[in-house]
Every structure is written in structure tokens, then in C-alpha cells.
Amino acid sequence: MAVVSPSTPAATGGTRPAGDAPAGRTGRRGVNVAGIALRMPYWVFTGALGLIFLAPLVWTAVASVSPQAGTNQVEGWGFGNYETLANYQAGVWRYLFNSAFVSLLTVALTLVISLFGGYAFARFRFPGRNFLFLLTLAILMVPYATLLIPLYVLLNEVGLENSLVGVALVLTMFQLPFSTFLMRISFEAVPRELDEAATVDGCSTWGALWRVLLPAVKPGLITVGLFSFLAAWNDFMAPLILINDTERMTLPLAVSNLRGQVQGVVDYGATEAGVVILALPCIVLFLLLQRHYVRGFMSGALKG
Amino acid sequence: MSDSAATRGRARPRGRHALLGWLYATPTAVFVVALFVVPLGLVVKMSVSRWPLLAGDQGLNAPDNFEKAVDHRFFTDSVVFTIKYTVLATVLLLVLGLGLALLVQESSRWNNLLRASFLIPSALGLASASLLFYVFYSPFASPLAPVMESWGFTFLGSPTAALLSTTFLIVWRYAGFYMVLMLVGLQGIPGDVFEAARSDGATRWQTFWRVTLPLMRPTLALTTVLCVTGSLLAFEQFYILTKGGPDNSTITVVQLIYQVAFQGQNDLGVAAAISVIVLVALVVINALQLRAFRSEES
């Protein structure tokens with residue numbers, strides 16, 4: 001909107017150089033105005049493009065609180081749709097708790113495992129090191145569904161059927177290729193002299209890791225944490241296959257089930273509210289950690 | 001290896017060093033073996049066994065599951081549809097990703113704002129994005145409902161419309177991601193190459209085709225492999241948006257696996273057989289793609 005609203009004064013400004021062209025072209029100011037006039041189509045075009053990407057999000061947020069027939073918010077603006085969600089089956093709080101539990105457990109496990117793994121791959125030589133690293137990366141080559149079917153059987157066998165812990169374990173495994181790779185290159189970017197000096201001074205490798213290396217690989221850890229949170233919070237297929245119990249569903253699953261549950265009629269308002277609740281943490285984290293977010297994508301690209 | 005290993009060998013005994021390395025790598029090894037290697041072995045075993053969802057392992061029956069998988073009434077349709085969708089999504093995403101990257105390549109405050117707005121949808125989950133567009137496309141709640149009514153169409157009403165609408169959702173969700181990858185590729189091209197092209201009198205168009213694109217080959221290879229892999233395994237977008245409809249016209253291969261395993265047929269053996277077929281196909285397709293990109297280079 002910022003681009004389109006000042007279009008009237010800008011448009012008149014844009015036509016001016018054509019009017020006093022002879023004077024304007026020689027003067028410095030004239031060149032600038034002509035430059036701006038030339039850039040106008042670019043700004044309008046890119047601004048419109050940017051709006052296309054933002055509009056669906058803004059529309060959903062607005063629609064979720066605006067009046068709509070067939071929802072809990074028929075008249076006036078308000079949070080009726082969110083109330084529907086709060087009373088849906090086990091209630092939105094239950095699903096939020098489940099999602100938060102799975103996400104935080106996945107983040108914690110991924111951080112710990114990839115911190116140690118990255119340290120091992122970057123700083124130690126041991127038999128099977130390259131094999132284990134390639135095996136970890138090979139997870140990327142195997143389709144999600146190919147693994148989820150046997151994982152469903154395996155988790156049932158060890159008593160983790162219908163378990164949020166089981167879902168978190170599976171999601172952690174799927175995070176390992178990216179996070180192990182990222183932590184390995186984070187450790188490799190730290191000069192060896194730093195931890196070697198620490199070990200010479202009598203630090204164990206454990207002490208060197210916590211006291212010297214941890215601060216140095218913090219940006220890597222933030223990126224790993226961010227990506228594993230987004231992946232776990234948003235994951236749909238693992239809980240879809242591994243969870244049957246309504247009480248233990250995660251939020252994406254619950255919102256998805258909302259459709260067609262009430263006598264076959266879809267409550268679009270409640271679905272909008274659900275999308276807003278699902279999207280909010282992701283967008284906040286994106287805005288706060290944009291630099292880490294982009295860097296995560298880029299380190300993925302450098303691998304190729 | 002010899003030089004640095006020898007120096008470190010003096011500081012710590014070698015055997016102990018290797019042992020410590022294994023200790024730090026143990027959590028990774030445990031997770032990879034228990035949740036990746038074992039399931040991978042199990043899925044192969046399941047694919048050659050009779051394995052109903054509730055009754056479990058009933059012994060070997062090879063190659064029944066593979067025969068049943070290929071004979072499944074939706075097998076060919078789902079393969080054809082998945083390939084069609086993959087080609088469409090990959091072409092659109094790569095062209096758009098590169099286009100957006102070229103558009104916002106120069107760093108300025110305006111361009112940073114644009115990059116962020118192109119990238120925001122990628123922070124959403126695919127399931128959330130699909131749910132968002134499920135409402136957005138519905139003839140009842142959509143802001144475009146009046147348009148649909150006066151033009152007499154719905155976004156998910158016909159097979160073609162459903163395919164195109166789902167692809168639009170995917171482009172919206174992933175274009176920013178591919179833009180970032182393309183930006184990394186563009187930044188990897190040394191500036192003096194463009195300088196040289198300009199001094200040789202090359203037009204913008206010539207520079208793009210003869211300089212930029214050839215030098216982007218590694219990035220294009222990576223993005224193609226990523227996009228093809230992701231699209232071949234499409235599930236959420238169709239599961240949520242179209243449920244495979246209308247008239248079973250939008251069933252992807254992964255959706256078929258899910259259907260066979262958990263919706264009605266409840267045959268994990270056949271589902272495992274399709275999974276193994278998909279895995280082998282994916283490995284072959286990726287190897288072919290990488291080889292194609294490499295041989296063009298030489």
C-alpha cells in the first residue's frame with residue numbers, strides 16, 4: 001500500500017520532466033526527476049508483486065475476526081472464531097500444548113545431538129567418521145513416507161504408539177542431515193588454535209567445547225534451533241500417521257480435522273483462526289531471526 | 001592427514017582421541033541407526049511380506065505386494081499426475097525464483113523489504129499454507145467468491161483448475177526460498193565477468209543467456225534436484241486442498257501410499273512396496289539429473 005497511495009503526487013512529479021524537458025535535462029535536478037519517473041513502473045510492479053505475497057496472510061488475519069455467515073462470528077468484529085477453536089474437541093489449548101511440547105522436545109534433542117555430532121565430525125578422527133556423516137546426509141535422499149510407514153510399526157513395537165515423544169524422536173531424526181551439516185561447518189569455521197590452546201592449558205575436550213567453542217558456534221545453534229522449531233511446529237505427516245488419539249493431536253492436524261467435522265459443514269471462520277494461530281509464531285520468529293533464517297537456506301545452497 | 005594429525009597426536013594419545021570422537025558422535029549414530037537404518041531395512045522387509053495394518057507380519061509373499069502395487073487402479077494415474085505436477089511446479093518455481101532474484105539483486109532498502117515479503121510465506125508450514133488457501137479457494141468464504149460466481153468456475157472444481165490452483169499455492173509458498181538460493185548463485189559470479197561482457201558490447205539479454213545462465217549451472221542443478229524431489233513427494237497440499245479430487249484426478253504417489261496404508265485398504269505391505277518403488281525411482285532420477293548437469297558442463 002505504501003507504494004500505491006502516494007501515486008497521485010508521484011505521478012504529477014513523473015510527468016514534469018516531459019513538460020520542462022529542455023531546462024530539466026541539463027540541470028542536475030532534472031536528471032533525478034527523470035530517474036524517478038523511469039523507476040516508477042519498477043516500483044509499482046515490484047510493489048504489486050510484494051503485495052501478492054503478503055495479501056493472503058493479511059486477508060486471513062482480517063477475515064478471522066470479521067463477521068461471516070456460517071461461523072461463530074456472524075455479526076460485528078470479534079474473536080468468535082477463536083472461541084469455536086477453544087471449544088473444539090480437546091480444545092485449542094490442549095493442541096497448542098501438544099504442538100509446543102513436540103516442537104520444544106525436537107529443538108532440544110536436535111541442538112544437543114548436532115552440537116556433539118558437529119564437534120565430533122569437525123574436530124576428531126575416528127574409524128567410521130566419514131561413513132557415519134554420509135549416512136546422516138543420506139536421510140535427505142529417502143522420502144518421508146518411505147520411512148514413516150516402518151517407523152509407525154517400530155514405534156508401536158517399543159510402546160511409543162500414539163506418543164508425542166515418538167513424534168519428536170522421528171522429527172529429530174529428519175532434522176539431523178541439515179543440523180549436523182550446519183554444526184560441522186560452524187565448528188570448522190572456528191580456528192583450531194582456539195580449542196587447542198584450551199586443551200594445552202589443561203581443559204578437557206568437554207571443557208573446551210563448553211567454555212571456548214560454544215560461544216563461537218552460537219549463530220549455528222540459533223539457525224539449527226530456528227529451523228528445527230519451524231519444521232516440528234509445522235509438521236503434518238508424522239503426527240498424521242503416528243497419532244490416532246484426538247487428545248494427542250498437534251495443532252496442524254486439529255485445524256485440518258476441523259474441516260468437515262461439524263455435520264459435514266466446513267467452519268471457514270474457525271479454520272482461518274487456526275491458520276492465524278499456526279502462522280503467528282512462525283512469522284514472529286522469521287521477523288526476529290531473518291538473518292539466521294536466510295543464512296540457513298544459504299548454507300544449504302553452498303552444499304550443492 | 002599426516003601433518004595435523006601428528007601434531008595433535010602429541011597433545012592427546014591417538015586411541016583416546018578416536019574414542020572421544022566416537023563418544024561425541026554416539027547420539028547421532030544411535031538416532032541414525034535406530035530411526036533411519038532400521039526402518040529402511042524394515043520397509044524393504046515389509047515390501048516382500050504380507051503385512052495387514054492390524055494383524056502385522058504374516059510372512060514372506062514376494063513379489064505379491066509389488067504386483068498388487070503396480071496393478072492398483074490409481075497407480076498409473078498417480079504416477080502420471082505426479083510427473084505432470086512436478087514438471088509444472090519445477091519450471092514455474094525455477095523461472096520465478098530466478099526472476100525475483102534478478103529483480104531484487106541490488107541491495108537497497110526497498111529491495112530488502114521486497115525480499116522479506118517474498119520470503120515470509122516460506123516461514124509458514126506447508127499444511128498451514130494449504131489450509132489458508134483451502135479457505136481462500138472456497139466458493140463460500142473466498143474474497144474472490146463473487147468473481148467465481150459471475151464467471152461460473154471454482155478454483156478446485158475441475159481437474160485442471162485444481163492442479164493450477166494447487167501449483168499457485170506452492171509457488172506462493174516456495175518462490176522466496178528459491179529466490180534466496182538463486183541470489184546465492186548470482187552473488188557467486190565474479191563482477192568482472194559482467195564488466196567484460198559489457199565492454200565487449202553485449203546487450204543485457206545476451207549477457208543473461210551467454211554469461212549469467214551458464215555460470216549459474218551449479219545453482220540451477222541444486223535447485224532443480226531440490227524442486228523435483230520435493231514435488232515428486234508432494235502430499236500435504238493435495239491431501240488438504242483437493243483430497244485427491246475431483247474424480248480422483250489429483251492423487252499423488254505419496255497420497256496413494258497413505259491411502260493404501262491407512263485409508264480402507266490397510267495394507268502396509270503394498271504401501272511399503274510403493275514406498276520402495278518411489279525410493280528407487282528417486283535415487284535414479286536424481287543420479288540422472290546430476291549426470292545431465294555434469295555432462296553438459298564438459
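**Exercise 1.** In this predicted model, determine how many of the residues of helix 11 of chain A are buried.

*Solution.* Take a residue as buried if 20 or more other C-beta atoms lie within 10 Å of its own. By this criterion 14 of the 17 residues of helix 11 of chain A are buried, and the helix is mostly covered.

**Exercise 2.** Compare the span of helix 11 of chain A with the expected value.

*Solution.* Helix 11 of chain A runs over residues 218-234, which is 17 residues. At 1.5 Å a residue, 24 Å is expected. From the first C-alpha to the last, helix 11 of chain A reaches 24 Å, close to that expectation.

**Exercise 3.** Describe the side of chain B that touches chain A.

*Solution.* Start with the contact, counting residues whose C-beta atoms lie within 7 Å. Chain B gives 70 residues to it and chain A gives 72. Next, locate the largest share on the chain B side: helix 2 of chain B (residues 14-47) supplies 20 residues. Last, sort that side by class: 60 residues are nonpolar, 9 polar and 1 charged.

**Exercise 4.** Find the domains of chain A and characterise the contact between them.

*Solution.* The assignment for chain A gives domain 1 at 7-65 and domain 2 at 84-303. Their contact takes 5 residues from domain 1 of chain A and 6 residues from domain 2 of chain A. On the domain 1 side, 3 residues are nonpolar, 2 are polar and none is charged.

**Exercise 5.** State how far apart the C-alpha centres of the two domains of chain B lie.

*Solution.* In chain B, domain 1 covers 2-64 and domain 2 covers 75-250. The C-alpha centres of these domains of chain B are 36 Å apart.

Notes:
Residues are numbered from 1 along each chain as its sequence is written. Chains are lettered from A and ligands numbered from 1 in the order in which they are written. This is a predicted model: local features need pLDDT of at least 70, side-chain atom pairs count only at pLDDT 80 or more; totals for chains, interfaces and linings use all residues. Domain bounds come from an automatic or database domain assignment. Helices (H or I, at least four residues) and strands (E, at least two) are DSSP runs, numbered from the N terminus. The expected span of a helix is 1.5 Å times one less than its number of residues. A residue is buried if 20 or more other C-beta atoms lie within 10 Å of its own, exposed if 12 or fewer, and partly exposed in between; C-beta atoms are placed from the backbone. Two residues are in contact if their C-beta atoms, placed from the backbone, lie within 7 Å. Ala, Val, Leu, Ile, Met, Phe, Trp, Tyr, Cys and Pro count as nonpolar, Asp, Glu, Lys and Arg as charged, and the others, Gly among them, as polar.
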